[in-house]
Every structure is written in C-alpha cells, then in structure tokens.
Amino acid sequence: MSRPTKANIVIDMEDVDKDDEMDEMGIDATEAKTSRKKRSVVWKEFEIITNSGDMKARSTLAGKDKGPKQSLLSFDVTEGDEMLSIFKYDKGKVREELVKMFVVHEYPFRMVEHEFFTKFCRSLNPKYEPIKRQTLKLDCMKMYISEKESLKLALAGINKISLTSDLWTSNQSIGYMCLTGHFLDSEWKLQKRILNFCPLEPPHTGLAIADSISECLIDWGIEDKISTITLDNASSNDLAVRVLKENFEAKEKLHFGGKIFHVRCCAHILNLMVQDGVTEVRDVIENIRESVKYLKLSPSRLYKFNEIVKSLKLSTSKRLILDVPTRWNSTYAMLECALENKSVFSRYKERDYNYKWLPSDEDWKRAAEVSKFLEVINDVTKVFSGRKYPTSNLFLRQIWKVRKMLNDMSTDNRDFVKHMTLKMKEKFDKYWGECNLVMAIGAVLDPRGI
C-alpha cells in the first residue's frame, strides 16, 4: 500500500474494521473495535484519537514531508560524458539564461511579455513564471555589475594590458567610443574584453578622447598597467596619444620609454593606401561597375543573365555584387565575381540591345590586374584583422609582402599601373617608411622566423 502524503487524513474506524473476512467469521465489527490487532503496515503512520466518544485514525504525516517524491530525470553532459541526474526546476537559473539570451541576440525587452513567448516557455516547463520587461532590464543590469566585478578581479592579476579604441557615428548622429583590452591570462591564452562602450559628446577632440579613456582606465583600476594603445590615423587620435603618453610617462610605467606605446592601426593604413590607389583606376573598372548596376536594377535582366550562367554551366554560387566606391574590399568582390562571369556579359549583350556598357578586352585585362593586386591586399587585411591569435609577429612579413609588390608594380610600363602604384607608395612611405619598433620586436621574437 502506498504511503499517504497529505496532511490531516482522518479515517473513521468503523470503515476500517468492516471487512468481508469478519462477516464470514460471524464477528460483530462494533464489538471488535478495541480487541482486534491492527496488522496492516499502514497503521504505523496513523494514530487513534477519540472525539466525542468516536474513535478515529489520524495521519501522523500531518505537516511533514516524508517519503520519496516523483522527479524528472535529465542527461547532463560533462566533458563529453552523459550522466543521468534528477532535474530540478530552478527559477533563478531560468532568469539568468533568459538574460543571456536577450543580451546575446539583442532581443527587445518587450518580447518577454509577448503572449506566445510565455506560452512557448510554459510548453517547455509548466512551472515557468513570466516576468515583466522592467524586471528583465533589472536582471540585465545585475548581471552586468556581477560580470564587471568578476572581470575587475581577473584584471587585478594581470601585469600588462594593451588597448584598442575606435570612434564612429551612429545613424542617429550620436558619436560612440569603444575601448577594448587585450591581455594574456594565467595560462598564456590571448584574451580580449570590451572595457567601455559609451557615447562621446562632440566635438571629438584629442583631449576629449584622452579624458574618456583615462576615466575608463581609472574605473577599472588598470591605469598603471597599459602597455600599448592602437588607434586609427585621425589627427585627433594623435593628440589623444600625446596626452595619455605624458600621463603614463610621469608614472614611469611605459616600456622602452614610451617608444612602443602608440601603434597605428595597420588595417586602417592599408585601407587609406588602397583607397588612394583605386581612385586612380576608376575609369579602368567603370564599364564593369555600370554593367553590374544595370543588371541589378532590374529583376528581369538579372534573371536573363543568370539563365545564361546556367546554360554555360558556370558556378552559380557567386552573385553579381555592386561595390561601394568608398570601400575597396567591395570593389575587389565586384571584380572577382565579374571576372568569373566574363563570357556571360558578351552573350547578354546579344539579347539586350539597351545594354551599352560591355567591357572591352582591354578593360577585362586591366580589371584582372587590379583584382590581382587587391587580392593580395585582401589577404593581408584578413591576417591583420585576426581576433583569435596574436598578430604583432605577423605585421612585418605582411607589410614586406605589400612593399615588394609595390616595387614590382612600379616598373610596369602601363600608365594605369604606374599611377596606381605611385599613389599607394606615397601613403606607404608616410606611415611605414621606417620599420615600426613593435613590428620588429614581434618578428624577432617569433621562433618561426620571417
């Protein structure tokens, strides 16, 4: 017999004592109330009480929680091994995971109040308790404060930290600054954390930038641990670096007397250099740009073009791309795709007499040369932009690769190549005419060598 689990169970003794066996034996149940021995194990959890002359049985489990309860089982995966465990609904854990979901995926807070979001959560577990968006906002702030304190403790044990920072303006014309810290943890693994993401009131002067960075460093308690700072090449950043460098030099906390403190963003220098070069060859790729624009403006034209691609059994994985003139990497993507479909443009011309921008053979040759050059720059930029591995040891060899290519192109007899190369060499020499000390140190200390 299963154990009773609810409190205050009362059983009438007359209902208990009456059974078929007593009837067959001819025993009167009322006479055997006090003499009959209670043999069932259930009586261990009942006590006899008398109320107004009536004898009753009352559960001894009143107000107690005895006996096993029904539980849900779940599989926990720990280091690749599945372990069977008892599942227990944890409201706090659910709230914590809810916060992470909204933060990582940038969901609007009001979604937590949506009717079908609540229904969905309750279909997963009926015990889910819906919360308001104000509550979710408070939970987010609590997690932010908790994570910030944890990071502060971690940074307290770090010897040196390198910084990167960037500024941009949003669609609402609000200026923002992001400051990121890079450091090695106790296991010599490269780590990075966003230390500040804040609006920056105009004007974005060098002093304003320096003050904002200093305030952030003091808040984190790392103002004496800064090794280097990497910024783009805006003039306001140059002033900000001078102000910060003077502050740090007063404390004598900089390596090599501050010679490696300011690191110019290599990816930004490459971007400036290539922008100048591409400007010189706009006429070379103009027909290709206008052809792509003409096709993409009409779905029917694009459909006809793609049908020709299929008939020639060319790859359909790459679609035509129209570049943004101020972004050289989009120009490279446009040329790469157009060159793969070079034979399609001439066949499309035969089917559309309004198409007037068919590139000539010379245009295609020039475009191929430009694309070949941009491919090298694109590969170098990807190396510079690595996020999960150190890059300081890779800068010198990659910049040397660009320099060698510019030297080779400078001897080309074609005018468009010479003009493009000359512009880029001017920018290259401005920033990299002399070897940067950080690049040299990184290259020398790399055991793989150059």
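Buried here means under 20% relative accessible area, exposed means over 50%, and partly exposed is in between, with a 1.4 Å probe and protein chains only. The model on your screen is predicted: local features need pLDDT of at least 70, side-chain atom pairs count only at pLDDT 80 or more, and totals for chains, interfaces and linings use all residues. Residues are numbered from 1 along each chain as its sequence is written, and side-chain values use heavy atoms, with hydrogens and water left out.

**Stop one: helix α15**

Select residues 415-432, which make up helix α15. Helices (H or I, at least four residues) and strands (E, at least two) are DSSP runs, numbered from the N terminus. From first C-alpha to last, the 18 residues of α15 reach 25 Å, close to the 26 Å expected at 1.5 Å a residue; that expected span is 1.5 Å times one less than the number of residues.

Now colour F416, V417, M420, T421, M424, K427, F428, Y431 and W432, the buried residues of α15. Looking down the axis, you will find them within an arc of 130°, so they line one face of the helix. The arc is taken from the directions from the helix axis to the C-beta atoms. Turn to the other side of α15 for the exposed D415, L422 and K430.

What covers the buried residues? Show β10 (262-264), α8 (266-279), α9 (282-296), α13 (361-384), α14 (395-409) and α16 (437-445), which are included in that cover.

Next, zoom in on T421, which is buried with a relative accessible area of 1%. Leaving aside residues up to four places away in sequence, T421 touches L406, M409 and S410, where contact means heavy atoms within 4.5 Å.

**Stop two: aromatic pairs**

Rings of Phe, Tyr and Trp (its six-membered ring) pair if their centres lie within 6.5 Å; planes under 30 degrees apart count as stacked, over 60 as edge-to-face and the rest as tilted. The count comes to 13 aromatic pairs. Pick Y348 and Y355: their ring centres are 5.7 Å apart and their planes at 70°, so this pair is edge-to-face. Then try F384 and F395, also edge-to-face, at 5.0 Å centre to centre with 80° between the planes. F384 belongs to helix α13 and F395 to helix α14, so their pair ties together parts 11 residues apart in sequence.

**Last stop: lysines over rings**

Show K119, whose charged end sits over the ring of F116, 4.7 Å from its centre. A charge counts as over a ring if NZ of Lys or CZ of Arg is within 6 Å of the ring centre and within 35 degrees of the ring normal. Finish with K148, over the face of W220 at 5.4 Å from the ring centre.
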